[in-house]
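Take a look at the chain below before reading on.

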Amino acid sequence: MAHLSGVSKTTLYKWWPPKGALALDGYFHAVEETLAFEDTGDLRADLTRQLCAFRTS
């Protein structure tokens, strides 16, 4: 992964010490638009819309 990003492993693990943190950050970056949602002030409606959007992606 370091080779593909153009940085050294030392640099990667400086910012993401456990490998799982790096993987999780990559995952969140990949699904960022799917997970983003407007806060309308109605928690139930917001969470329902969020879960439906995530399920269909």
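## Basis

This is a predicted model, in which local features need pLDDT of at least 70 and side-chain atom pairs count only at pLDDT 80 or more, while totals for chains, interfaces and linings use all residues. Residues are numbered from 1 along each chain as its sequence is written, and side-chain values use heavy atoms, with hydrogens and water left out.

## Overall fold

The protein chain has five helices and zero strands. Helices (H or I, at least four residues) and strands (E, at least two) are DSSP runs, numbered from the N terminus. Along the sequence the pattern reads α-α-α-α-α. The radius of gyration is 16 Å, well over the 10 Å that the globule rule gives for 57 residues, so the protein chain is more spread out than a compact globule. That radius is taken over C-alpha atoms, and the globule rule is 2.2 Å times the number of residues to the power 0.38. Along the principal axes, the C-alpha atoms of the protein chain fill a box of roughly 45 × 20 × 15 Å.

Of the 57 residues, 11% count as buried. Buried means under 20% relative accessible area, exposed over 50%, and partly exposed in between (1.4 Å probe, protein chains only). The accessible surface of the protein chain comes to about 5,000 Å². Carbon and sulfur atoms account for 63% of that surface. Accessible areas come from the Shrake-Rupley method with a 1.4 Å probe; for residues, only the protein chains shown count as cover.

A search of the whole structure finds one salt bridge. The term means a side-chain nitrogen of Lys or Arg within 4 Å of a carboxyl oxygen of Asp or Glu. Side chains of opposite charge can pair when their charged atoms come close. Here the partners are aspartate 46 and arginine 49, with the closest N and O atoms 2.8 Å apart. Both residues lie in helix H5, three residues apart, about one turn of the helix.

Are the two partners buried, exposed or partly exposed? Aspartate 46 is buried, at 3% relative accessible area. Arginine 49 is partly exposed, at 41%. Aspartate 46 also has contacts (heavy atoms within 4.5 Å). Leaving aside neighbours within four places in sequence, aspartate 46 touches Phe37, Glu38, Asp39, Thr40 and Gly41.

Glutamine 50 sits in helix H5 too. Glutamine 50 is buried, with a relative accessible area of 12%. Not counting residues up to four places away in sequence, glutamine 50 is in contact with Thr34, Leu35, Ala36 and Phe37.

## The nonpolar patch and the aromatic pair

Leu24, Tyr27, Phe28 and Phe54 make a nonpolar surface patch of about 380 Å². Patches are made of residues with over 30% relative accessible area and no salt bridge: like charges are joined within 9 Å, nonpolar side chains (Val, Leu, Ile, Met, Phe, Trp, Tyr) within 5 Å. Helix H3 (residues 19–30) gives the most to this patch, with three residues.

The structure holds one aromatic pair. The ring centres of tyrosine 27 and phenylalanine 28 are 5.7 Å apart and the planes stand at 55 degrees, so the pair is tilted. Rings of Phe, Tyr and Trp (its six-membered ring) pair if their centres lie within 6.5 Å; planes under 30 degrees apart count as stacked, over 60 as edge-to-face and the rest as tilted. Tyrosine 27 is partly exposed, at 38% relative accessibility. Phenylalanine 28 is partly exposed as well, at 41%.

## Distances along and across the chain

Leucine 4 lies in helix H1 and is exposed, at 78% relative accessible area. Glycine 6 is in the loop between helix H1 (2–5) and helix H2 (9–15). Glycine 6 is exposed, at 66%. Threonine 34 belongs to helix H4 (residues 32–35) and is partly exposed, at 24%.

| Pair | Apart along the chain | C-alpha separation |
|---|---|---|
| Leucine 4 and leucine 24 | 20 residues | 17 Å |
| Glycine 6 and phenylalanine 37 | 31 residues | 32 Å |
| Threonine 34 and alanine 53 | 19 residues | 6.6 Å |
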